[in-house]
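Try each one before reading its solution.

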Amino acid sequence: MRIDLHCHSDASDGTRPPAEVVRRARENGVDVVALTDHDTVAGWDEAAASLPDGLALVPGIELSCKEDGRSLHMLGYLFDPAEPVLAAELARIRDDRVVRARGMVERLRELGAGVTWDMVGALARGEAVGRPHIARAMVEAGVIETADEAFTSRWIAQGGRAYVERYALDPERAIALIRAAGGVCVLAHPRARRRGYVFGDEVIERLAAAGLAGVETDHPDHAAEDRARLRGLAASLGLAATGSSDDHGAFTGDRIGAETTAPDAFETLRAAATGGDLRLPDRRGESR
């Protein structure tokens, strides 16, 4: 069984609609896929309604958090999105995403980059606008040649000339919110060094004590030595070790299934969740 627990659609910063994400997952030989858009569950229903035969959907999310002034991402699975406190926090995060993105567009214009809010809005068809949408708008405007060039100190990397801070949760609060909604949390790509997501063992140990259920050990941005270190740490802390593609469609090369999670690790997470379960296709191709 091939299980990919971290994928994005155009409900946030992926390039494919949720229906296409699940279709591509099955075409790539995936049996279980999680839709984990940034700070939104807007893609769940479309993905569930479009499930091809043989594919199960894990309803999920990637929550924006902040650890010691740095961005940290927390994956949440199988929770109730209607839980009032969680729903209110998600709305606050999404609202601030718009404020922040508008601020970055204004800074880019002041720097002479020909990017407009209309360009960004046309790319961000979902409700969770993010920096990748701005990067793609910069490419369209001819400011840069590739989206990766935007994520430097010259432009919109953290601390960059056009960077704007935004509201984000403390990771312990994110864990508490997802658990209160019946879900489980996995720390996303904690050793993605190229992107600056590097958190030491002590952070993972602290989050484990706060109720973290797993850590994403196998990720396209993780080096072999980091994967081995994270697997050992996960085992010592009783955390599930997961593997995921972190697919964003064309933005990351349509790599669904490039990294996978062992079935026993997934079952450990599933057994700990009480807020929801897998979405499965019925015989008519409609989810149930």
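**Exercise 1.** Which residues in helix α1 (residues 18–27) are buried?

*Solution.* Some ground rules to start: this is a predicted model, where local features need pLDDT of at least 70, side-chain atom pairs count only at pLDDT 80 or more, and totals for chains, interfaces and linings use all residues. Residues are numbered from 1 along each chain as its sequence is written, and side-chain values use heavy atoms, with hydrogens and water left out.

Step 1: take buried as under 20% relative accessible area (1.4 Å probe, protein chains only). Helices are DSSP runs of H or I with at least four residues, strands are runs of E with at least two, and both are numbered from the N terminus.

Step 2: read off the buried set, which is Pro18, Glu20, Val21, Val22 and Ala25.

**Exercise 2.** Find what the buried residues of α1 pack against.

*Solution.* Step 1: call it a contact when heavy atoms lie within 4.5 Å.

Step 1: the partners are the strands β1 (3–7), β2 (32–35) and β3 (56–67), plus helix α2 (44–49).

**Exercise 3.** Check the overall fold of the protein against the globule rule.

*Solution.* Step 1: count the secondary structure, nine helices and nine strands.

Step 1: apply 2.2 Å times the number of residues to the power 0.38, with the radius of gyration taken over C-alpha atoms.

Step 2: look at burial, where 55% of the 288 residues are buried.

Note on methods: Buried < 20%, exposed > 50% of the residue type's maximum accessible area, 1.4 Å probe, protein only.
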